[in-house]
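Reader: Can we go through this one together? I'd like to start with the packing and then move to the pockets.

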Amino acid sequence: MKIGIPLERKLLEGRIALTPTAVASLVQQGHQLLVEVNAGLKSGYNNQQYINAGAQIVADLTTVYSADLIIKVKEPIAEEIQLLRQHQLLFCYLHLAAYPEVLAGLLTQKTTALAFETLTVDGRLPLLAPMSAIAGRLAMQLAIYYLQQNNNGKGILLGGVMNTPKGVIVVLGAGVAGSHAAALALAFGAEVYVFDRSEQALAALTEQYPQAHAEIFSEARLAELLPQTDIVIGAILIKGANALKVLTQALQQLLNKGSIIIDIAIDQGGCVEGIRATDWQQPIYWQAGIGYIAVTNMPGAVPRTSTQALSAAILPYVQKIAAGALAIDSELQSAIAVKDGKVIHSALLI
Ligand SMILES: NC(=O)c1ccc[n+]([C@@H]2O[C@H](COP(=O)([O-])OP(=O)(O)OC[C@H]3O[C@@H](n4cnc5c(N)ncnc54)[C@H](O)[C@@H]3O)[C@@H](O)[C@H]2O)c1
């Protein structure tokens, strides 16, 4: 199969979908790989490494999109959507519930598009998990930085030192992103509260991190905690659908000035009422003294790590698609969002 890998075009996105090693394994299986020039540079992979792996470096997007299967990281932009066509396969993060214009474009082009983030194996989302882990950890790194007074924050050192109180973190969602954010906050010595609607998710979290306070989501309990909270991390997910706005405007008003809210779930529309998406050029905006961060491609800022993690996760599925297994493989089918101009994933039909 002819497989195309374009350069990512989202602002300050540094990832590429597959490393040269992953490309080499596909070439060995008899596939033809087209990689757009310089697509791997920000992840530390140059054109020569892709040539050595057996790929052809191509200079223009149109040639990349002549492939039968397009593998990329983030949802396609308008310029890319126009190049898609029927009977072509697209495999990447799509988050279509949050991007109706991308959904409309894919339906018009009649492409078959498979979303990394909904591919399900035994109830898990193995192609979302590595990026959620990275986003959870990065969220804490960012929040710690913006808590500094010179960055408009409260002037708090998260873990405190002798004779000072610890910083307080509230994490909404005890899944992959939430538990990784909690892990880093605990490592910094903070007091960490994690809320989820699932008992099972909370039990799994406390088993791994017994120092975290794990509680069933409750607005009343949040209202009690938020006046003492320094950082809120939003990390809830309803697979394939838009997230619920669980951190309402009324709850946000209970935070003191200089507090930071990071909505990791912004790629699924966000779980913080009224929040606007931001980007890596300007990750934060301040409103009524609260810092809001909602970067839709968080792992794009650490592309070396993210590309290696993503490439390892997706390669087995790319191999199966390229071998023609889509029609018979239920795991691959769980990722199909749209096909031949029709919506397939149930969360998008709501
Ligand atoms: N911004 C980025 O760059 C970026 C990167 C990776 C992941 N994400 C996003 O992070 C979010 C979390 O992903 P994940 O992999 O950790 O998901 P996950 O499925 O592992 O965890 C989500 C948790 O949210 C809980 N939840 C759902 N609805 C809830 C509600 N109403 N109240 C309380 N808890 C609720 C679920 O029970 C689950 O435990 C997703 O939206 C994902 O797309 C964003």
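Predicted model: local features only at pLDDT ≥ 70, side-chain atom pairs only at ≥ 80, totals over all residues.

Reader: How many residues are in the largest nonpolar core, and which have the most contacts inside it?

Author: That core holds 82 residues, and Phe-91, Met-140, Ile-169 and Ile-233 have the most contacts inside it.

Reader: Which helix gives the largest share?

Author: Helix H6, residues 129–146, with ten residues of the core.

Reader: Where does this core lie relative to the domains?

Author: Between domain 1 (2–125 + 303–341) and domain 2 (129–300), because both give residues to it.

Reader: What does Ile-169 touch?

Author: Leaving out residues up to four places away in sequence, Ile-169 touches Met-140, Leu-158, Ala-185, Ala-190, Glu-191, Val-192, Tyr-193, Ile-231 and Ile-233. There is also a second, separate core of 24 residues, with Leu-251, Leu-255, Val-272 and Ile-275 among them.

Reader: Pockets, then. How much space lies in the largest pocket?

Author: About 1100 Å³. Its lining has 45 residues, and Gly-175, Val-176, Ala-235, Ile-236 and Leu-237 lie nearest the centre of the pocket.

Reader: Which elements give two or more residues to that lining?

Author: H6, helix H7 (176–187), strand E8 (191–196) and helix H8 (199–208). H6 gives the most, with four residues.

Reader: What is the lining by class?

Author: It has 26 nonpolar, twelve polar and seven charged residues.

Reader: And why does the largest pocket lie between domain 1 and domain 2?

Author: Because domain 1 and domain 2 both give residues to the lining of the largest pocket.

Definitions and conventions
Residues numbered from 1 in each chain as written. Heavy atoms only, no water. Core = buried A, V, L, I, M, F, W, Y, C linked by side-chain atoms within 4.5 Å. Buried < 20%, exposed > 50% of the residue type's maximum accessible area, 1.4 Å probe, protein only. Domains from an automatic or database assignment. Contact = heavy atoms within 4.5 Å. 1 Å grid on protein atoms, 1.4 Å probe; cavity = no way out; pocket = protein on both sides within 12 Å on 5 of 7 lines; lining within 4 Å. Points joined across faces, edges and corners; volume = space filled by probe spheres on them. Nonpolar A, V, L, I, M, F, W, Y, C, P; charged D, E, K, R; others polar.
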